[in-house]
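The exercises below are to be worked with the sequence and the structure side by side.

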Amino acid sequence: MNKQEPGGPDIAHRVFDRLLSPMSVGGVRRWDLASPYLLRHAAEHAEETGGLHRLFQDWEFMVHADPRSVLAFGVLPESEASARAMPVYQASLGRHIDAGPDARRHILAVDALRYRWPDISGRLYHPPHAAPVPWQCRWSTAGNISFALRATLTANDRPVRSVATGTLDGWSFAVTAGDDNVARVWDLATGTLHRELRGHTGPVTAMAVSGAPDHLVVTADEDGTLRQWDPATGEGLGEIPAHPGAVTGLLLDVVDGTRVAVTCGRDRTVRSWDLKTGKQRHLLADEKDLLGPMAIVSRAGHGPMVVIGGGRRKRGDVIGTDLTTGRQHYRLSVNSGPVVGVAPAYLNERPVLVITTREGIGYVMDPDGRKMRSWLSTRDGISSLCVINTGLESVAVTAGATGTIQVWAMDSGELLHSIDGHTGPVTAITWYVDESEGGPGPRKQDLETATYAQAPIARALLTSNRDSRSQLLAALSGHLLLSASTDETLRVWNLADARPLQTLTAHTGPVHAITVASIDSQPTAVSCGDDATARVWDLHERRARAGGAHHPRRVDAVAVARAGGRMLVATGCGDSRLRIFTASDGRTEGVYTTSSSAITALGLGMTPDGPTVVTATDDGRITARRTGTGEALWQRQGSGNPVTALAVGGSARRPAVVILRTNGQVFVHELATGRPRSGSLGWQPGAAAIATGRIREKPVAIAGYRRSGLVRVWDLASGASRRSFGTGTEGLRAIAFGTTPLGPLIASQHRSGRIRVWDADTGRQVCVVDDHDATAFVVGASHGRPVVVTAGAGGGVRFWDAESGELHTVVSLPEAVHALSMADGVLAVGYGRELAVFSASDTSGPWHEVVPQRSATPDTAEPEQERTASWNGRLSHLELMILAFMLQEQDGHALSELKDALCARFLRKHLKTALRSLHRNGLLQQFPDSHRYELSAEGLARIERVVRPVIIHRRHSTSGRCRYCSAQ
């Protein structure tokens, strides 16, 4: 419907209102009741009414709507008021595509906190039509959030390995391909899927896009088939059986007015094809050592030449073949390993070739195969090569397995820059020109298409002194390098001074390929990787990532504990830096470099010197340091066996750290001094996991043994064995200890994947949790019930009832979870390269609920029907029970009296914590010079407002048992 037609908007409004009416309950839009049609097309109807911006401010719509519809209309100018919505939505787009509404709600809420928009997170966690979400994220780091991200292109769950871009009649598009046999054409301006190119019977292994006049997409697959496509319509234009095996390389060129494809395959041949007729033009090479790379080189006065590299072991081969005649011009051997890079360049106003080998040697050759000079790159070899044509002369850029990037002057072989920043191997490099960085310069496309005759002109415009290093660096002004790595990041560098300009973070797996396109004359990067996505980046966006700590690698070690009256969280991510946060607000307490080795395990505790953190590194070294200053208290050198786990425990007077090494040996040290403790615990080999805790206020250490599957409880002070239990039939992998409303519990994970839950005091098996995908788990409490919390690579945290073994809550996260830690109702989660802290919705204490805030600004205003009642503090069931008990028994009560009156299942420490919380929040008042409490006026008003009856779990007067628990 055209809303410009007479009556158009009126009719559109009536149609949209009719569609919305069945899902309006009490003046509130219930998108959970919407029809599938409406979830797919609501944005389209809203756009016709001119109300698209209001729809995109409705977060219940964002939770339930079809993600493809959100993407298609979220980029329109009419939705510009949703400037906050789309970055949050696109941050984890790959998860939203296949997620249900519940999972999408959790992911959006976490991503909103990563963007530092707690009001959005609050609205998501407190939907107007349902109870608050049971477990809520209070804060998250945002190291993997990038403001430059413009779109996430995802349509499957398989790695995306190649990307190419093109322009057709002013329309910019990208083509992606990977392991799912389908190539996809995307609209780069909107980030939406335009066409799927289906027909391949194997994964697409090579791809190229041609320019004018034909504008083709050419793809090749693992079965050796070459296919042509129209990018606008997705129509297949023909197929060619190019090789008997996989096609490993593909180039396009025009020869004598005919579009030609050059392919190399696993059969070690290189062939050229007439794309119009589908016939083979020439067999360019048939060599047992050839497997690419390839480059097409223009020669002055001659036809184009294909240069192919290859080789094996210590020998490299380079073959040059005329693309017009198919005649081989030369074959050159180099004794520095297989050729891994071939690129055309200019040197002294003449076209040349740059050849690089796996062992790290670079060669400059003329097109006829004569070596002109060589230069040493890096001892760790070369995996990526690109040549930058400055107009003065070309500059070579190489990168390898160490992540170091090197920039070379090809005329002299001088190393201009050595650039470090990536923490993993560099997988791809490219370049572009940005006039905002250093002033005007030639455009990349002009330089790349410059002919031999044009080179002196460009050269004369810049300088007349070709031997000057300073002149060459000046010519690089405005030239920017874009690099990708297995460390999941892209980085932008200024080539004139090697200055880092930007780090692009959003990928959650190694990045395979990058390319630079232009949208509205602005440079735009497209990358793809193992996380099954391609990402579109605005290269003009130079804002830093969202504030806060940044983990350069996956967070795989987390510890949370109360130390010095505060909850602290410590993390390790495979580098040598220890990061400590306050659990209440995510403020960075300290970032300390431990050594040159990576952290493998850590723990938090309290000593007379204050809060202390213990770290173990992969060289076996153990260090205890103050959390506030990073000052080392003691250190023990490695013994040849790295530490696989450590746990901090013990009494307040004698805290200890329990250490497990790879040989299965357990050691106990004083936390304050590092002195070893004696006892038989350290003489029991074969341990697979350790934990610490308290049973009846007695500090204990728990060790699980791999072969026997047994769990042993040890007195931590004396090192003597207290109890052994377990099936004795299953190999044990991991254990966890937690204090719960049911008492202290131990959970053990076995080879079968099952998690068995035991009463730590009696050794009685309580339940079995069937979560075979769990890679991390903890034991704790949720809403007054004992729980086992598990997590895995699927990006979900699952809460299981520790008495019945039933699953009752699932919390979804943007990325895979690799580390969990829980203490005093605080759950710290390491997901991807981020850390998040969760607590239950009814948790009191240092937490402050995120209350949805209404704003008058257009981009945060929400529809009238989304109003949510304000919330004035939630209480746990135990706290409600205490208030109700004091309402019935109106005399003041002390902790000991409450312990005697209420159910024995409630431990003294839980009652004490609840009393302190109620007193701190003004619901109880304390008698002067006494430990007795009574209801305050606010507490009386609060408990009288409770609509539902509060069941008071108390001892029966004759049996001494709780009448309600015994009934259960």
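**Exercise 1.** Which residues in α9 are buried?

Solution. The model is a predicted one, in which local features need pLDDT of at least 70 and side-chain atom pairs count only at pLDDT 80 or more, while totals for chains, interfaces and linings use all residues. Residues are numbered from 1 along each chain as its sequence is written, and side-chain values use heavy atoms, with hydrogens and water left out.

Step 1. Taking buried to mean under 20% relative accessible area, with exposed over 50% and partly exposed in between (1.4 Å probe, protein chains only), one finds Asp119, Ile120, Ser121, Gly122, Arg123, Leu124 and Tyr125 buried in α9.

Step 2. Helix α9 is thus mostly covered, with 7 of its 8 residues buried; helices (H or I, at least four residues) and strands (E, at least two) are DSSP runs, numbered from the N terminus.

Step 3. The partners against which the buried residues of α9 pack are α4 (59–64), α8, β3 and β61, where contact means heavy atoms within 4.5 Å.

**Exercise 2.** Describe how helix α8 packs against helix α9.

Solution. Step 1. Helix α8 (residues 101–114) and helix α9 (residues 118–125) meet at an angle of about 160°, and their axes lie 7 Å apart; axes are lines fitted to C-alpha atoms, for helices over the stretch in contact, and angles run from 0 to 180 degrees between N-to-C directions.

Step 1. The two helices α8 and α9 are therefore roughly antiparallel to each other, given that angles under 35 degrees count as roughly parallel, over 145 as roughly antiparallel, 65 to 115 as roughly perpendicular and the rest as oblique.

Step 2. On the α8 side the contact is made by Arg105, His106, Leu108, Ala109, Val110, Ala112 and Leu113, and on the α9 side by Pro118, Ile120, Ser121, Leu124 and Tyr125.

Step 3. These contact residues of α8 and α9 divide into 9 nonpolar, 2 polar and 1 charged, where Ala, Val, Leu, Ile, Met, Phe, Trp, Tyr, Cys and Pro count as nonpolar, Asp, Glu, Lys and Arg as charged, and the others, Gly among them, as polar.

**Exercise 3.** How many residues of strand β3 are buried, and with which strand does β3 pair?

Solution. Step 1. In strand β3 (residues 135–140), 6 of the 6 residues are buried, so the strand is largely enclosed by the rest of the structure.

Step 1. Over 5 bridges, β3 pairs in the antiparallel sense with strand β61 (residues 834–840), two strands being paired if DSSP finds at least two bridges between them.

Step 2. Within this pair, Gln136 stands opposite Ser839 in β61.

**Exercise 4.** Which strands stand at the edges of the sheet that contains β9 and β12?

Solution. Step 1. The sheet is open, with 4 strands in the order β9-β10-β11-β12 and antiparallel pairing.

Step 1. The edges are held by β9 (204–209) and β12 (236–241), each with a single partner strand, so one side of each is left without a neighbour in the sheet.

Step 2. On average, neighbouring strands of this sheet are turned by 15° against each other, direction ignored.

Step 3. Strand β11 (residues 225–229) is joined to β12 by 5 bridges and runs antiparallel to β12, and Gln228 stands opposite Gly238 in β12.
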